[in-house]
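User: I have a structure open here and a few things to ask about it. Can we go through them one by one?

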Amino acid sequence: MSNLHVAAAGSPLQIAGSAAGVPAVRAPRPVRTTAVAAVAAVGATAEIRTTSRIRCRPIRAVERALHVVELLNSTDQLTLAQIVRASGLPRTTAYRVLRTLVDQGFATEWPELGTFGPGRVLERLASRHDPLGDVVNAVRPFARELSQKLRWPVSIATIRGREVVVRYATDGEAALGTAPMRPGVRLALLESASGRLHLAYGDPAECALWLDVAYDPASAERMPNEPRAALEGELETIRRQGYASYTREGRLSMRRSLAAPVMGPNGMEASLVLRLSERAIRSRQELQALVAELLAAAKRASAAIGG
């Protein structure tokens, strides 16, 4: 009769033979495997460590999800068809990824528009590295509300150095539109309503210094077309009336931008910009009505960020 001995957990399994001389059999030593999954914004890998070698292989499901997240973060809104084309994923796979991202808060769906965009979690992660991210996220609902009411696109802009940066735009959902404006677009201060608004509402000393540089004949930058006295007069008008207006040539007609300040505890944080065709303004009364709606939305947005 043989004796069966099971070793303690973690030691090799031993089966000893009987006294009749049957040789003892030692089970193969189990390979200890540790799986470590590391997921980052730039990709995902699973590192499988064994006693003999280290090999890496991508986690395909995570790769696909991160690719879609990158697409959503690159613009304001995308349709399912656009995501399918950009990602190369089958339509059903892309939809399943999107539904998962929506459920987890990384994406937002607008069923009435058939579009998807960044979700609250993605926006919160982005705002950790962006001092104005929270401001833009707080102002966004007011921009959408104004755009839905007036039917023209509305954008949110902030200042970075000597440029205006578009942070959000409703072009993907506005019923009417001019030239499309996407987040990330940069504009010169004097070539946008929001830039002139910033100069008017910014620190007076900084504004004066900027004008000194802009009108310096030795400066490498192109000098403004308008005389300095005329520009300073316009900035004073902007401060007095509470908004800025700028008109530029479009492909089919002149385009007008109206910008109102979004004020925070420390002054102007961003601008709310209404963009429309000049042809849409048929009278001074219509312009005043649009300005009134813009200023009211900017005032509500300012209250939301403590201004």
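Analyst: One term before we start: buried means under 20% relative accessible area, exposed over 50%, and partly exposed in between, with a 1.4 Å probe and protein chains only. This is a predicted model, where local features need pLDDT of at least 70, side-chain atom pairs count only at pLDDT 80 or more, and totals for chains, interfaces and linings use all residues. Residues are numbered from 1 along each chain as its sequence is written, and side-chain values use heavy atoms, with hydrogens and water left out.

User: Arginine 275, buried or exposed?

Analyst: Arginine 275 counts as buried because its relative accessibility is 4%. The residue lies in strand β14, residues 267–277 (strands are DSSP runs of E, at least two residues; helices are runs of H or I, at least four; both are numbered from the N terminus).

User: Which side chain does arginine 275 have a polar contact with?

Analyst: Aspartate 171, at 2.5 Å. A polar contact is a pair of N or O atoms within 3.5 Å; within protein, one must be able to donate a hydrogen and the other to accept it, and residues adjacent in sequence count only if both atoms are side-chain atoms.

User: Other topic. What stands opposite threonine 79?

Analyst: Threonine 115, in β8. Strand β8 covers residues 115–118 and pairs with β6 in the antiparallel sense over two bridges; pairing takes at least two DSSP bridges between two strands.

User: What is the strand order in that open sheet?

Analyst: β6-β8-β7, three strands with antiparallel pairing. β6 (78–79) and β7 (107–110) are at the edges with a single partner strand each, so one side of each has no neighbour in the sheet.
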